[in-house]
Amino acid sequence: MRRWLFIQALRLPLVPSAAGASASPLARGMVLALAVAALLLAPFLVDALLGRAWVRVLDLVMLYTMLALGLNIVVGFAGLLDLGYIAFFAVGAYLYALCASPHFGLYLPFWLLLPAAAVLAGVFGVLLGAPTLKLRGDYLAIVTLGFGEIIRIFLNNLNAPINLTNGPQGITMVRPIEVAGVSMAQVHSIGPLSIPALYNYYYLFLALTLLVVFVSIRLQHSRVGRAWVAIREDELAASASGVNTRNLKLLAFALGASFGGIAGSLYASFQGFVSPESFGLMESIMVLCMVVLGGMGHVRGVVLGAVLLVALPEALRYIGPMQRSLFGQVMVEPSDLRLLLFGIALVLVMRWRPAGLWPSPVRRREFAAAPAAGGSASTGPEPRP
């Protein structure tokens, strides 16, 4: 069964599937134009229909989409289970906060800090990946989980004897992003149109998210992406076929971490404050759920998973007012009920859609081929005797 899946991975095309090639160019152009218009008008429509708070949710959707796409490279493409991915998010956030706040008295420009966060997070990704090259499955998950906790504990305790991270108090007064001398935290006017700060951040995050999506799609359909899929399906067979598994696994860790570092630096500037509490294990689990729920290895599915898992908990906040209007009091605390309904939704999706809400064609073939082969599809390599 595993050999069959490995052969299918090697037979993947270098370009996206032409399933929609029968659609006319005019129809594809209209769909693309509608999508672009929807993305550009989204903050105005959301603000008018749901309120300004939901525009902030849109900004967070963009940030978590970048995070999920970075983890998708490691988990979805290369098949390496990483439970400490939020550590790279923390590295990028703290680098920006330390270099753009009164903590060290540095106010480096955004265009310098953003690539620096990507590079530093990529270095940390290599430092994590190098000692774990021979680990698989549960052992790899335990090591990466420990790595994420080590980073959080260091950030929480590096306030003595030299105050590097300000400990559990975090870093405040982080400078907002400035592009060409224009601050994202200010209200700007274009003729009669007023653009609030949340809108400014949305358009900046949207541009960077689309760039990350483009890079992910190109990677997915490249020779490197096919090699990652081959490693995911059967690392031993991939190595025997001439695939340099060591370098490609390190590359997956580095690229995934770089996306996390970029998202972290944007998060620090957006919040204006960072603390170790924002980078706990539950955040890593949440990002992993976005990848698994949407569809591992499928860029569009991961984007869908990020949108749902950021918006759904916010929508469940309305449970408290609904209880008060129906029963006159709050029967169950909204925070508890949100987690309960959130967990039930995940269980139901995994029960009826185990490949994810929007799986990739490869994953769909794997799950379809498992019953025909007399077994079940597996996400990891076969155990060695």
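How do the residues of the lining of the second largest pocket divide into nonpolar, polar and charged?

## Confidence

This is a predicted model. The protein chain has a mean pLDDT of 86, with 90% of its residues at 70 or more. Among the elements of the chain, helix H4 (residues 86–99) has the highest mean pLDDT, 96, and helix H1 (residues 2–10) the lowest, 50.

Over residues 12–21, pLDDT stays under 50; the model has 14 contacts beyond four places in sequence for this stretch. Residues 375–385 also stay under 50, with 15 such contacts in the model. Where pLDDT is low, the predicted coordinates should not be read in detail.

## Helices H5 and H10

Helix H5 (residues 110–129) and helix H10 (residues 245–271) have axes that come within 7 Å and cross at roughly 140 degrees. The crossing of H5 past H10 is right-handed. On the H5 side the contact includes Phe 110, Leu 114, Ala 118 and Gly 122; on the H10 side, Phe 253, Ala 257, Gly 261 and Ser 265 are among the residues involved. The contact is made up of 13 nonpolar residues, six polar and no charged.

## The second largest pocket

The second largest pocket holds about 570 Å³ of space. Of the 20 residues that line this pocket, Glu 283, Met 286, Leu 309, Pro 313 and Arg 338 lie nearest its centre.

At least two lining residues come from each of H3 (52–77), H10, H11 (281–294), H12 (299–315) and H14 (334–352). H11 gives the largest share, six residues. As for the opening question, the lining divides into 14 nonpolar, two polar and four charged residues.

How values were computed
Residues are numbered from 1 along each chain as its sequence is written. This is a predicted model: local features need pLDDT of at least 70, side-chain atom pairs count only at pLDDT 80 or more; totals for chains, interfaces and linings use all residues. Side-chain values use heavy atoms; hydrogens and water are left out. pLDDT is the predictor's confidence in each residue, from 0 to 100. Helices (H or I, at least four residues) and strands (E, at least two) are DSSP runs, numbered from the N terminus. Contact means heavy atoms within 4.5 Å. Axes are lines fitted to C-alpha atoms, for helices over the stretch in contact, and angles run from 0 to 180 degrees between N-to-C directions. A crossing is left-handed if the near helix is turned anticlockwise from the far one by less than a right angle, and right-handed if clockwise. Ala, Val, Leu, Ile, Met, Phe, Trp, Tyr, Cys and Pro count as nonpolar, Asp, Glu, Lys and Arg as charged, and the others, Gly among them, as polar. On a 1 Å grid over the protein atoms alone, a cavity is a set of points where a 1.4 Å probe fits but cannot get out, and a pocket is an open set with protein on both sides within 12 Å along at least five of seven lines; lining residues have an atom within 4 Å of a point. Grid points are joined across faces, edges and corners, and a volume is the space filled by probe spheres set on the points.
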